[in-house]
Amino acid sequence: MPPTMFMPYTFDGPRLHYLRSPQGKVAELRLELNGGGKKDKNFSAKKTALKKIVANMTMSNNDMVALFPDIVGCMHIQSLEIKKMCFLYLVNYARIKPDIALKALPIIQEDMHDNNPLVRALALRTMSYVHVQEYVEATVPHLKNLLRDADPYVRKTAAFCVAKLYDHNRHLVESSDLIDRLNSMLRDENPTVVSSALASLMDIWERSENIKLTIDYASASKIVQILPDCSEWGQTYILEAMMNYVPQDTSEAAILAERISPRLSHSNSAVVLTCIRVILYLMNYIADQKVIASLCNKLSPPLVTLLSKGPEIQYLALRNALLILQRRPEVLRNDIRVFFCKYNDPIYVKVTKLELIFMLATEKNIKEVLTELREYATEIDVDFVRKSVRAIGKLAIKIEPAARLCINTLLDLVSTKVSYIVQEATVVIRNIFRKYPNQYESIISTLCENLDSLDEPEAKAAMIWVIGQYADRIDNSDVLLDDFLYTFKDESHEVQLALLTATVKLFIQRPTRGSSLVPKVLKWATEETDNPDLRDRGYMYWRLLSSAPETAKLVVMGEKPAITAEESEKLDPATLEEMCLNVGTLATVYLKPVNQVFRSARPRRVGESPALQRGELPTVKAARAQRAVAERNHLNIDTNAGAQGQTNGNGNASNGNGNLAAAVSEADVYFAGVGRQSTFGGSPVVGNGMGGMGGGQQGGWVVTQNMGQGVVMSPGGDNGGDNGDLLL
C-alpha cells in the first residue's frame, strides 16, 4: 500500500469562525471601544471600533443602539474624527433613545464654544439635525449667536441650520427673529455666506405660505455681481433665487440676462441649466426682439455641450431641449446634426433624439434627415425602428413639399419585407392619405401586396381603412375585405370597428359588390357582439342605410377633419408656461406639472409687472387663438343663417322668434317621419314576407339593446312591400 495513505492530513487554509450572536458582537465592540488605555494616545483603537459601529449602523443594524451610553462617553474626546462619528451615531439613534440622547446635549452645547470653527459648525449641524423637542428648543439661542460668528464657515452652516430648524418646528422659527437675521446675512461680505442664506430663505419660502420672498433690482444686481466668486453650488443657489426677482422695466431684465449669461459656459450642468431657466424667465419681460434673438443664440451652445457628457446628463439636456423648443423654436434651429444618434447611445437617449430631430426638421434639411432615419430603420432594436418609420410618416404630414420624398423612403422600407417595418409603414401611410387625399393612391397596390405581413391590430385597421376609403379604385376591394371578415369575431375591437365602417363604405361606393357583405357584418355587429361601441355603430349604420342612403353617404364618406403631425410631447399652454419656470428640475424629465411630480412643491407663476410681455405668453396666445376661432365660427353661423333666411322667401324666417318656432316645427315633423321610416332594423336585405308579418306587407322592427322585435308595421303605400328596404 502506498505510504502516502498513512501521512497525516493537515489543513493550512483559513480558520473557521463560529457565527456570533448580535449580543456577542455588541459586547465585542464595547470592549474595543472602551479598550486602548493610556498607551493609545492617538485613540486608534476607539477610531477603529467607531468605524465598525458606523458601518453596522449604515447597514440598518439596530443592535448598535445598545452602545449609545458608550458613544456618549466618547464625545468628550478632543478629536474631530471621533466627534464626527459620535455625532453621526447620535443623529441616527436619537429618536429611538431620546432619554440617552439628552445626556449628550451638554457636551454639544459646550462644543459650540470651542476654539476650532470646524468643531463649532459640526456641533451646531448635529444639534439642528436631531429631531427631539429639547434639542430643537435649545438650538435657537446658540443659532442666533453663531449667525454672527467671526468665521464664514460657521456662518454658512448656521444659515443652513435655520432652514433645518424650520423643518422641525416652523412656529418656533417664525416666532423668533431668525428669519430676519437670515435676511440680514444677504449683506454679508462673504459670497459663500450670501449664497447659503439665499438657499435657506428659498427652502423656507418653498415650505411656507406665510412668507413672501421678493428681490428688488438693487439686491438682484448685487447677488449677480458675486456669482463668479461663489462655488458651483453657491452659483446654483443664487440663480435659483433670481427666479423670485420680478423686473419692473425691460432694460433691467435685459441687463441682468446679459450679466448672468457667462454662467452658460460653466462646467457644472446644474449651473448651466439653472442659468438657462433664469434667462428664459427674464425673456418674458424683454420687449426688444433683437435682444431675445441674441439670447436665444446664446442658449444653443451650452445645450449642445451637455450632449458630450454622460448619458444621464444627455437625457436631462435633451428633455429640457424638447421643452425649450416648444417655447422658443429659434433655439437650436441650425444644430440638428448634433442630435443624430450614435451607435452606443442608450435607447432612452436615442428615442429623445428622434423626437428632437422631428421637431427640428425643415424643408432645407429634409434629405439629410430622411437619410439618417432610413439608417435608423435598419437598427436591431424593434421599438426604435418603429419610431423611426413613424417619424418618416409624420414628416410627410409636417412638410408638404417633402411628402413625395418621404413616401418613396417608406416604399423602400416596405420593399425589405420586414414584418414590423411593413406594419408601421402601413399605419403612417394611412395618415398620409388622410392628409393628402387623391394624391398618392398609386402606392395602394404596393400595400395590397403585403397584406399577409399584417398581424397587429393597428396595422390591420389602417389597411382596412385604406381599402374601404378607396374601394371604388381597388378592383378586388370586396374580395380583400371578405378575406379580413373570415376572422371578424376573433379580431380586436379596433379591427372590428374598422371592418364595419369599411364594409359600409364599400356598399356606398359599389353597391353590387357590397350588398352581400353588409348584411353579414351588420348582423354580427348588432347581434353577436358584447362591445357597446361596435353595437351602437352597427345600429347607426343600419338605420342610416335603411332610411336615408344619401345621408349615409354624406356621413360615412364625408370630408374628414384635417390631420396634422402631432409633435412629440406637445404640452398644453398652461403646462408649457409653468415648465419653462422649472427647467433643469425632475419635473422637466417627466414633462408634467410640478404638483404632479412633487406634491408639496409651490407652483411658480410669471410675476405681474409693467414690463411683462403678456402677449407673448403661451396661455395668452392660446386664448387669443381660441377666441379667433370662436369668432370665425360665429361669423360662419350668422352668414349661413342669413343665407338660409334669404332662401326661405315665404316669410318663415321673418324674425328670430319666427325662425325658431318654424325650425322646431319642421324638426318635429321631420323626426316624426324619420321615426316611422327608420324602424327597420332586422335584416339589411329583406325579401317579401320576411319579418313574420305575412301578406304583402313586411314587418317593421324596433331596434332594442338586444335584438329586433316585430311590433311595428312598415308604412303602407302605393309601392306595396317594396318600400321597406332601401338596400335592394
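1. The largest pocket is lined by 20 residues, and those nearest its centre are Asp203, Glu206, Glu240, Thr585 and Arg604. Two or more lining residues come from each of α9 (152-168), α12 (191-207), α14 (232-241) and α33 (586-590). Among these, α12 gives the most, with five residues. The volume of the largest pocket is about 540 Å³. A pocket here is an open set of points on a 1 Å grid over the protein atoms alone, with protein on both sides within 12 Å along at least five of seven lines, and lining residues have an atom within 4 Å of a point. Points are joined across faces, edges and corners, and a volume is the space filled by probe spheres set on them. Helices (H or I, at least four residues) are DSSP runs, numbered from the N terminus.

2. On the basis of the model: this is a predicted structure, in which local features need pLDDT of at least 70 and side-chain atom pairs count only at pLDDT 80 or more, while totals for chains, interfaces and linings use all residues. Residues are numbered from 1 along each chain as its sequence is written, and side-chain values use heavy atoms, with hydrogens and water left out.

3. The whole structure holds two cavities of 30 Å³ or more, a cavity being a set of grid points where a 1.4 Å probe fits but cannot get out. The largest cavity has a volume of about 70 Å³. Its lining includes Leu280, Tyr281, Asn284, Glu577, Leu581, Val606 and Leu617. The elements giving two or more residues to that lining are α16 and α32 (573-579).

4. Val606, in the loop between α34 (594-597) and α35 (618-647), is buried at a relative accessible area of 13%. Buried means under 20% relative accessible area (1.4 Å probe, protein chains only). Not counting residues up to four places away in sequence, Val606 touches Asn284, Tyr285, Glu577, Leu581, Leu612 and Leu617; contact means heavy atoms within 4.5 Å. Val606 and Glu577 lie 29 residues apart in sequence and 8.4 Å apart in space, C-alpha to C-alpha.

5. The largest nonpolar core has 222 residues, of which Leu90, Tyr135, Ile276, Leu395 and Phe433 touch the most other members. Its largest share, eleven residues, comes from helix α16 (residues 269-283). Such a core is a set of buried Ala, Val, Leu, Ile, Met, Phe, Trp, Tyr and Cys residues joined through side-chain atoms within 4.5 Å. Leaving aside neighbours within four places in sequence, the contacts of Leu90 include Phe68, Met75, Ile108, Val130 and Tyr135.

6. Helix α22 (residues 403-414) has twelve residues and reaches 16 Å from first C-alpha to last, close to the 16 Å expected at 1.5 Å a residue. The expected span is 1.5 Å times one less than the number of residues. Ala403, Cys406, Ile407, Thr409, Leu410, Leu413 and Val414 are the buried residues of α22. They cover an arc of only 160° around the axis, so they sit on the same side of α22; the arc is that of the directions from the helix axis to the C-beta atoms. Their cover includes α20 (366-376), α21 (382-398), α23 (419-435) and α24 (444-448).

7. Lys353, in helix α19 (residues 347-360), is buried, with a relative accessible area of 2%. Beyond neighbours within four places in sequence, Lys353 is in contact with residues including Gln314, Leu318, Phe339, Cys341 and Asp345.

Technical notes
Buried means under 20% relative accessible area, exposed over 50%, partly exposed in between (1.4 Å probe, protein chains only).
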